[in-house]
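The following report describes a set of computed features, arranged by chain. Please read it alongside the sequence and the coordinates.

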Amino acid sequence: MAYTKRFDGRKADQMREVEAKVGVVPRADGSAMFKFGDTIAIAAVYGPRHLHPQFLQDPQQGIIRCSYDMISFSVTERKRPGPARRSQEISDVTARSLEPVLLLSQFPNTVIDVFINIVQADAGTRCAGINAASLALAHAGIPMTDLVGAISVGSLGGSVVVDLTKEEEDYEEDGEKAATDIPMAFTLRDKKISLLQLDGKVKPEDLKKAIEAGRKASEAIYEIQKEALRGLK
Amino acid sequence: MEIAEITKQRIKAHLAKGMRFDGRTPMQYRPITIETGVSKKAEGSAKVRIGETEVWAGVKLGTSIPFGDSPKSGTLMVTAEFSPMASEKFERGPPSIESIELARIVDRGIRESDLIDLDKLCIKEGEKVWCVFVDIYPINDAGNLADAAALAAIVAIKTAVFPEYKNDKINFGVFTDKHLPLGEYVPFTMTFHKIGDQLIVDPTVQEGEASEAHLTISVSSSKKGEFVHAMQKAKDITMSVEEVNSIIDHAVKEFKVIQKAFEDATK
Amino acid sequence: MIKKQEFDEQPQEMDGGMDIHQDAGYEEKKERRIVVPGEVIATGQNFLPGENTKRDGQNIIATRFGLLDIEERLTKVIPLSGTYIPRRGNVVIGKVIDITYNGWLIDIDSPYSAFLPIIECKGFVSKKDDLSLIYNYGEMVIAKVLGVKGKGVDLTTRERGFHNLEEGMIVRVNSNKVPRVIGKQGSMVNLIKEYTGCNIVVGQNGLIWIKGENIESELLAREAIKMITEKSFVEGLTDKVKEFLEAKTKDK
């Protein structure tokens, strides 16, 4: 049995209601909020700033550090405050998904810090975080060759759907997990892939379909990011 | 960059005339706005803004074994995570002493006023009780995080409901409409800052940096009158007995602005 | 021993339009469009990539969030945000954060630390002198960026007009808003000086020193500066600031 009708009635290629806003943390050098339905991420950027300890400094270029975290009451069962292995890994992939567009050679020996808080979670949190971070970096005036947009695409019982909810991530067929979540990020003008993760079980042809669905969805995310930045003056 | 010494002198001189840079009087707060239910996943949550300062607080419930000396009482835990998101001054890594101190102040105000009736949180005596987690997250520090954090915490508690509890376990994500058992006292927390010979509330970042000492005080009001539930003096400058007395007088008079914001938000 | 008083002969009056501000002013023009990083802003070899833009094949793209400015063939983006990156010749205001045996470490609100060596200070100073009598810990200093290299910035205060700030107040704005605060050939800052009677020095790093007859006039100047940074790209801002200052000073 295929997953043909989505739990919330969306079309296969339809994202949840998306919202973006820039400037939500006035004290930071740049900041943004990005929302996929009930998933809400806030990102704040500080820097480029002095990096210590000194041995971490790179005399040829600045470095980017991301800290992704979910606040304790963003999920139904309280998450213990503080970092965990999961959040460390996501912090790292987030930084790597953004790095290709940053012109870091202009700021040798410095660091750009990106802090991402997931304040409400309903799947797709790393993607919401990357979108918020892309906006916050641009807002902070960091030189960049492009914006980055992320979307999670899933293969559920052979159907490709974009922007999974938690309920969809937990989709089962015959008592077995039948959802594969594929978070991906694209440079938005250039349409190159800067993040691609997968764990699950998916047919190669479905995977190709999923990547194409993600690329298409990223076009809509591009428009939303542009609009959020242009709304500022 | 921290405030310049010359600017600090100007703040002091202006305050000596009873005036502040932004036109407020010494005992005047910036506008306070509160949103409740900001996280659908929390049993209770609130976002408090005082001026540009923004703090989120959430209540999550869990169950645990009660402490040996109070087998019938639920437990309360308050944490404050000073996320480096909120200010360039907050460092990454384990909780700083400031965030621990903030959590302790909020914790004592709630605990000592018996805001939550912990005795009514028993599931099975000696075996299982409810535990109430109150977690505080500053999002933007534009001065006076302490008062915003304390206010967000009590709003989150006041609006919190129990999750569904069936077959000896919590059905996370399914909420009932039953509120937490609350006592008759609500602690309203205010921090008074000493700059020169003057006292102010609700400092901006610059005023906070110019502050030489501060005293946080939790006050409640009921038919029986006002009570003080918690106090904490910080920084290394002493305060005179007269100054502390004056803070107590101000606190029992001025807490009403916070009380009103609280009541409007939790009506 | 060098005494601080010897430097007080420096003329207190600093002309806002003094040479340090040349070419730094923002010119009010008709509407400028906001562009985002990566956005194609011009196509074809006729256009040239200027500041904060980059050629990408046939296209020129913006490499920073800001306002698009195309002057004939030259494209550039005027940034709206970003931290201060020192450039040689910039006038900056900084705070003395440490004193070493041969100079002062100055915080100029930038990712790079700045150093003011004793030879770059007026008069003759020897390493044996008590340097805190010249520029003390925590004191604010107006200085000029002498050079930028690797991790550090060298400053100088040898020239006229560079000294420590003993009174007044410091206002901090984003350094990208500085051209707007100064205005075309100093027009904006001169307007504020005229109405408030304050002495104002605008550091390229976004730190601004205001010193007036009284705190009220300094606060009025501060408010006008805040208005400029908040509405920095509104059309006809100079007139709006003028109206504001006129209304505020009318009764006096």
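## Chain A: charge and overall form

Chain A carries 31 positive and 33 negative side chains, the centres of the two sets lying 4 Å apart; Lys and Arg count as positive and Asp and Glu as negative, while His and the chain ends are not counted, and the place of a charge is NZ of Lys, CZ of Arg, CG of Asp or CD of Glu. This is a predicted model, in which local features need pLDDT of at least 70 and side-chain atom pairs count only at pLDDT 80 or more, whereas totals for chains, interfaces and linings use all residues. Side-chain values use heavy atoms, with hydrogens and water left out, residues are numbered from 1 along each chain as its sequence is written, and chains are lettered from A and ligands numbered from 1 in the order in which they are written.

Chain A contains four helices and 11 strands, which are DSSP runs (helices H or I, at least four residues; strands E, at least two) numbered from the N terminus. The radius of gyration of chain A is 18 Å, close to the 17 Å that the globule rule gives for 233 residues, so chain A is as compact as a globular protein of that length; the radius is taken over C-alpha atoms, and the rule is 2.2 Å times the number of residues to the power 0.38. Of the 233 residues in chain A, 59% are buried, that is, under 20% relative accessible area, with exposed meaning over 50% and partly exposed in between (1.4 Å probe, protein chains only).

## Chain B: overall form and Glu263

Chain B has six helices and 12 strands. With a radius of gyration of 19 Å, close to the 18 Å that the globule rule gives for 267 residues, chain B is as compact as a globular protein of that length. Buried residues make up 55% of the 267 residues in chain B.

Glu263(B) belongs to helix α6 (residues 256–266) of chain B and is partly exposed, with a relative accessible area of 40%. Its C-alpha atom is separated by 9.9 Å from that of Lys158(B), 105 residues apart along the chain.

## Chain C: the pairing of strand β7

In chain C, strand β6 (residues 66–71) and β7(C) pair in the antiparallel sense over six bridges, where pairing requires that DSSP find at least two bridges between two strands. Glu71(C) has Leu74(C) as its bridge partner in β7(C). The two strands, β6(C) and β7(C), form a hairpin with two residues between them, and Glu72(C) in the turn has a positive phi of about 55°.

Strand β7 (residues 74–79) of chain C also pairs with strand β3 (residues 48–49) of chain C, in the parallel sense and over two bridges, with Thr75(C) in β7(C) as the bridge partner of Pro49(C).
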